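Have the viewer open as you read.

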Amino acid sequence: MDGNILFAFGLTLFAGLATGIGSLLAFFTKRTNTKFLSIALGFSAGVMIYVSLIEIFVKAKDELVLELGLNNGYWVTIAGFFGGMLLIALIDHFIPEMGNPHEVKSVEDVNAGPTNDEYARLKKMGMFTALAIAIHNFPEGIATFTSALQDPTLGVAIAIAVAIHNIPEGIAVAVPIFFATGNRKQAFKLSFLSGLAEPIGALVAFLILMPFLNGIMFGIIFAAVAGIMVFISIDELLPAAREYDEAHLSVYGMMAGMAVMAISLVLVA
């Protein structure tokens, strides 16, 4: 197998398995470092927003304009961008509210303990959350894989940003399952499996999309990836960062993420 393909798979696996890190934090950390979480989530959002609007969208437009001409190429880029947003918005819409991964969970919740009549509801919540995160991670896996395949530098940036935002998602799965069952292994397993949806998305991209990955297809996928990442940042990362925020730390983290991404893109250009 080509080295670039293996590298793309490796990045996607790294990003997806970060949910397992989240579940481990829930079990072995006594207190959430709220300052770190706020900065890290803001940083991830800054990386995603900057790289999406400054780099990925422009790459998509350039590729599609080259293939389809200026007017048609630009319109297809716009359609792909908002199509990616619409895809994630629809996924969110059809996920039950109690299983939506955007609900913030903290490490402290592990020790709060449910009442007896909450056990069944909490287990159901954890199962729904694991399923919801798996559904979210699937297109993220496709995005990370195809981006890394086309541009390894972009792939690394996207994988790191996705991995950071997968950590609190791992906590969101582990907390209710551990509440309901008292079983750390089961909670970790579900969190781990929900993250595997990301490399599965990469595998689907490899098996189904690879034969069609010409200039037009890459351009459309890149435009959709930009839309997906901007939506995730605005709908998920920034609100979650604000939940933990202390004195605008999430905004400082976002600015730092944008700056690091901008500088790194210049240095490797």
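**From a surface patch to a gathered site**

I160 has its place in helix α6, helices being DSSP runs of H or I with at least four residues, numbered from the N terminus. Before going on: this is a predicted model, where local features need pLDDT of at least 70, side-chain atom pairs count only at pLDDT 80 or more, and totals for chains, interfaces and linings use all residues. Residues are numbered from 1 along each chain as its sequence is written, and side-chain values use heavy atoms, leaving out hydrogens and water.

I160 is partly exposed, as its relative accessible area is 42% (buried is under 20%, exposed over 50%, partly exposed in between, with a 1.4 Å probe and protein chains only). Together with F7, F14 and V156, I160 makes a nonpolar surface patch of about 340 Å²; such patches join nonpolar side chains within 5 Å, from residues with over 30% relative accessible area and no salt bridge. Helices α1 (3-16) and α6 (152-181) each give the patch at least two residues.

Now for the annotation. UniProt, in an unreviewed entry, puts a "binding site" at N137, E140, N166, E169 and E198; such annotations may be inferred rather than shown by experiment. These positions span 62 residues in sequence, but no two of their C-alpha atoms are more than 13.5 Å apart, so they gather at one spot.

E169 also sits in helix α6, and counts as buried at 1% relative accessibility. E198 belongs to helix α8 (residues 197-209) and is buried too, at 0%. Beyond neighbours within four places in sequence, E198's contacts (heavy atoms within 4.5 Å) include N137, E140 and N166.

Technical notes: Patches are made of residues with over 30% relative accessible area and no salt bridge: like charges are joined within 9 Å, nonpolar side chains (Val, Leu, Ile, Met, Phe, Trp, Tyr) within 5 Å. Accessible areas come from the Shrake-Rupley method with a 1.4 Å probe; for residues, only the protein chains shown count as cover. A salt bridge is a side-chain nitrogen of Lys or Arg within 4 Å of a carboxyl oxygen of Asp or Glu.
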